[in-house]
Amino acid sequence: MIPDKAPGEDVLHASGDVKKEAHIPSFEKYKELYIKSVESPEEFWGDVAKDFFWKTKYTGKFLDYNFDVTKGEIFVKCMEGATTNICYNVLDRNIHERKLGDKVAFYWEGNEPGDEKTVTYRELLQQVCKFANVLKSQGVKKGDRVSIYMPMVVELVVAMLACARIGAVHSIVFAGFSAESLCERIMDSQCCILITADGFYRGDKLINLKLIADEALQKCKDKSFTVEKCIMLKHLTKEDEALSGSLSPPAKRVCPDLQQEKQKERVRKVRPPPQVPWNPEIDMCWHSLIGGESEECDPVWCDSEDPLFILYTSGSTGKPKGVLHTVSGYMLYTASTFKMVFDYHSDDVYWCTADIGWITGHSYITYGPLANGATSVLFEGLPTYPDVSRMWEIVDKYHVSKFYTAPTAIRLLMKYGSEPVQKYKRTSLKILGTVGEPINPEAWQWYYSVVGEKRCPVVDTFWQTETGGHVMTPLPAATPMKPGSATFPFFGVVPAILNESGEELEGPSEGYLVFKQPWPGVMRTVYGNHERFETTYFKKFPGYYVTGDGCRRDKDGYYWITGRIDDMLNVSGHLLSTAEVESALVEHEAVAEAAVVGRPHPVKGESLYCFVTLNDGINYNQKLEAELKKQVREKIGAIATPDYIQNAPGLPKTRSGKIMRRVLRKIACNERDLGDVSTLADSSVIEHLFENRCCTAV
């Protein structure tokens with residue numbers, strides 16, 4: 001499962017100061033702790049649990065489970081009988097026991113340079129208590145579901161922790177989602193209240209959040225589900241902070257009317273307050289409600305397996321799945337993964353660029369960092385606004401030492417070369433992380449060499465909404481790096497690779513990635529549909545949690561995530577990974593980004609249809625196409641030679657930056673019925689791709 005010793009070939013060892021102070025200083029120590037976590041999970045996780053407050057101790061098994069559908073209902077239980085409160089542990093405990101009240105919890109950096117705010121742990125607790133009292137005054141109680149649809153402001157963290165404090169279950173919907181998506185999630189989880197904001201800017205783009213929220217609530221009503229209360233934060237509206245108690249300052253750029261299109265040019269002058277649609281029967285103002293509330297609110301003690309939050313992720317049927325996580329196991333797992341994977345120390349400033357609307361933001365902006373008493377950057381804007389140096393400006397401004405971002409952002413910034421990065425010092429950086437998808441080796445090398453100057457370890461983390469936290473990842477000082485590899489399992493995680501028949505493969509192999517036993521942070525069910533939970537994750541291979549991802553294990557025991565199983569192509573009986581072909585294409589100096597999908601072929605079964613986005617200033621021609629085909633052939637083999645390569649100046653992406661390969665498959669097959677494309681960031685790219693399709697006569 002794990003090699004006896006760390007490999008010495010084909011790996012990178014970053015220099016710097018990480019090793020001498022690391023929590024896990026060597027491969028030998030990693031292996032010792034890993035064996036303990038698998039063979040004696042109660043002892044391993046019991047040591048972790050000692051750092052937290054428990055109102056009552058657990059009475060049963062530390063971790064009890066069934067992963068085999070043939071033996072009964074699937075379940076996972078952690079620390080059954082224990083009671084605690086996660087909000088108490090991430091705030092009160094840090095303030096009262098660890099004396100961190102005056103420590104900065106968040107440096108908030110707004111969309112516009114100059115919009116900024118510093119929030120300490122004590123200030124955060126005061127605001128959480130006040131808003132928890134607001135929720136209680138509105139009738140919200142333990143177990144109720146609360147929908148949150150907000151931009152990246154500190155009040156988003158306040159809202160989710162206020163829910164956790166009173167035992168309510170938060171269901172956060174990414175603020176880039178449509179009214180239909182919001183409506184669907186509100187109805188599925190039967191939310192009793194919606195918390196939103198007037199609007200926000202992402203770069204130059206205005207998001208009319210309250211308008212979308214109102215449309216969603218009307219859609220709910222039309223479907224016979226009425227949400228009777230909506231709390232709105234004034235974010236774009238000028239507000240007297242001394243009276244409002246708001247933690248986020250008024251945005252410098254304010255919209256005169258949220259019901260009108262904003263002007264195209266950037267406007268920095270002070271504008272009149274926006275005209276926000278308002279329904280006095282259900283709408284309430286955050287600032288008015290919170291003003292008179294007490295700064296004290298006793299936490300509600302929750303059972304270990306009480307639900308903490310529901311977060312929706314896409315499903316193969318098109319209907320989103322409400323992934324449900326519970327209190328204690330999730331708290332232990334996010335706290336320990338954050339501490340060890342980022343090798344967190346008390347003087348670090350940490351920055352995760354994700355949105356809290358995704359699992360990365362839940363686990364590694366809110367719960368994991370706060371559980372460790374960390375100082376984090378909370379960023380509202382875009383990596384390219386107002387220019388492509390924004391990220392590195394922020395790194396220098398706050399002396400960021402641990403930086404966590406997505407391969408999509410790395411590839412985007414790669415297009416502009418090293419000069420925008422090297423304008424800034426970045427000497428504070430110690431560890432770089434990636435999340436969201438497998439990173440291609442070229443992007444990894446650029447990140448490691450240009451951003452980190454070959455002195456910062458790169459932790460390429462693999463995990464899912466369902467896993468709660470990192471499950472496969474390097475550890476900064478313990479595991480030598482291979483560019484693009486997820487390396488080894490985290491503590492308590494037992495991976496296996498299966499073939500199509502469900503047989504475990506040994507040694508170097510490729511197949512389905514599964515896990516043989518649970519870890520504390522794994523999801524417990526699909527909200528309201530346990531049967532779907534069992535069918536999706538456990539039915540195909542009884543006895544295993546099925547990730548849905550393909551995986552390769554090399555001769556050194558390193559794991560390589562090859563992409564979703566439905567992103568695997570069967571060409572003439574050979575299983576090919578789309579990620580592997582994409583990586584080969586992107587290694588060409590002309591290519592900035594690539595996406596590969598399968599297209600039916602009467603002889604080969606499937607043919608490879610490739611979309612490539614070129615670097616600025618590069619023209620697409622037959623010579624380049626021939627070079628790209630040759631490169632793939634040389635990197636992977638003749639069987640992987642692309643049948644079609646289409647120049648794609650833009651690719652269809654969600655607002656979180658993920659490529660919608662489902663749409664690309666339709667384009668490759670010239671099928672215009674695309675299904676729901678409401679989550680696309682820019683739908684105009686679709687028509688351009690259809691107009692410039694390759695000729696596919698076969």
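Modeller: Take the open sheet of eight strands, with mixed pairing and the order β12-β11-β8-β6-β7-β14-β15-β25. Strands (E, at least two residues) and helices (H or I, at least four) are DSSP runs, numbered from the N terminus. Two strands pair if DSSP finds at least two bridges between them. The model is predicted, so local features need pLDDT of at least 70 and side-chain atom pairs count only at pLDDT 80 or more, whereas totals for chains, interfaces and linings use all residues. Residues are numbered from 1 along each chain as its sequence is written, and side-chain values use heavy atoms, without hydrogens or water.

Now β14 (residues 307-313). Six of its seven residues are buried, so the strand is largely enclosed by the rest of the structure. Buried means under 20% relative accessible area, exposed over 50%, and partly exposed in between (1.4 Å probe, protein chains only). Strand β7 (residues 169-172) runs parallel to β14, joined by two bridges. There, S171 stands opposite I310. With β15, the pairing of β14 is antiparallel and spans six bridges. F309 has H325 of β15 as its bridge partner.

H170 lies in β7. Its relative accessibility is 0%, so H170 counts as buried. Its side chain makes a polar contact with that of Y367, at 2.8 Å. A polar contact is a pair of N or O atoms within 3.5 Å; within protein, one must be able to donate a hydrogen and the other to accept it, and residues adjacent in sequence count only if both atoms are side-chain atoms. Beyond four places in sequence, H170 is in contact with several residues, among them V146, I148, L308, F309 and I310.

Next, β15 (residues 321-326). Two bridges join it to β25, and the two strands run antiparallel. V323 stands opposite V526 in β25. T326 also lies in β15. It is buried, with a relative accessible area of 3%. The T326 side chain makes a polar contact with the side chain of E305 (3.2 Å). Another joins it to the side chain of R524 (3.4 Å). Setting aside residues up to four places away in sequence, T326 touches S304, E305, D306, P307, L308 and R524.

For scale, the chain has 21 helices and 32 strands. Of its 698 residues, 61% are buried.

Last, confidence. Mean pLDDT (the predictor's confidence in each residue, from 0 to 100) is 89 for the chain, and 90% of residues reach 70 or more. Residues 240-244 fall below 50; that stretch has nine contacts in the model beyond near neighbours in sequence. Residues 258-273 stay under 50 too, with 38 contacts beyond four places in sequence. Where pLDDT is low, the predicted coordinates should not be read in detail.

Key: Contact = heavy atoms within 4.5 Å.
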